[in-house]
Amino acid sequence: MNVISNILYWISTGLLVPVIVLLIFFFLRAIVLIGTFFGQYMQHKKVSADFYDRIKKLTPTTFGEFSAGLPQKSGGLMIYYARQIVDAGGNDARIELLLSEYEIQASKELATSKMLTKMGPILGLMGTLIPMGPALVGLATGDIASMAYNMQVAFATTVVGLIVSAIGFVTQQLKERWSIQDISMLEYLAEITRQTAKK
C-alpha cells in the first residue's frame, strides 16, 4: 500500500510544474483575449447597432435599397453572411446552409472563452491541491519555510486560475449574447429575402 501511495504522490508532485506552466500560458492567453475582445466590442458597438436597426426596418418593399447599401468588403462576420443570404435570393437550401455555417463560425468564436472558463478552475484546483501534500509534510517535520512556500504556491495558482476563468466567463457571456442577436437578425433577413423572391 505504501508503494502505491508513494507512486501517486510522485505523480501528483511531478504534475506541479506542468500545471503552473499551463496556468501561465492560459493567463497570457486570457490577456490577449481581453485585447481582441475589446476590438470586437468596439466594432460591434459601431457597426452592429446601426445594422440591427436597418434590418428591423426591413420590408420586402425596401429590400432593394437595403441590399444595395450592404458593404461589399469586410464589415464583420454577420454582415458577410447577410450579403450571402441576400445573394442567395429565394434558394431556401442555400439560405439554411448559410445560417448553419454562421452558427458554426459563431461557435468557433466562443471556443477560446469556453476553454478558459473551464480550464482556469481545473488548473487552479490542481495547483492548489498538489502543493498541499508537501506543505503538510513540512508541517509534520517542523519545516515551516517549506510549508509557507508550498502554501504560497497553492494560493497563487488558485487566484490565477480564477482570474483566467473570470475573463473567459465574461467574454463568453457577451459573445453568446451577440451571436444570439446576430442569428435572430439573419433569420429575419432570410425570411424577408424569401418573401421578396416570391414576388
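Start by selecting Asn 91, at the start of helix α5: one of its side-chain oxygens comes within 3.3 Å of the backbone nitrogen of Ala 93. Helices here are DSSP runs of H or I, at least four residues, numbered from the N terminus. You are looking at a predicted model, where local features need pLDDT of at least 70, side-chain atom pairs count only at pLDDT 80 or more, and totals for chains, interfaces and linings use all residues. Residues are numbered from 1 along each chain as its sequence is written, and side-chain values use heavy atoms, leaving out hydrogens and water.

Now select Met 78. Beyond residues up to four places away in sequence, Met 78 touches Phe 51, Tyr 52, Ile 55, Tyr 102, Asp 182, Met 185 and Leu 186, with contact meaning heavy atoms within 4.5 Å.

Finally, zoom out. The chain has seven helices and zero strands. Its radius of gyration, taken over C-alpha atoms, is 26 Å, well over the 16 Å that the globule rule gives for 199 residues, so the chain is more spread out than a compact globule. That rule is 2.2 Å times the number of residues to the power 0.38. Along the principal axes, the C-alpha atoms fill a box of roughly 85 × 35 × 20 Å. Color by burial and 35% of the 199 residues count as buried, meaning under 20% relative accessible area with a 1.4 Å probe, protein chains only.

Definitions and conventions: Polar contact = N/O pair within 3.5 Å; in protein donor to acceptor, adjacent residues only side chain to side chain. Helix = DSSP H or I, 4+ residues; strand = E, 2+ residues; numbered from the N terminus. Buried < 20%, exposed > 50% of the residue type's maximum accessible area, 1.4 Å probe, protein only.
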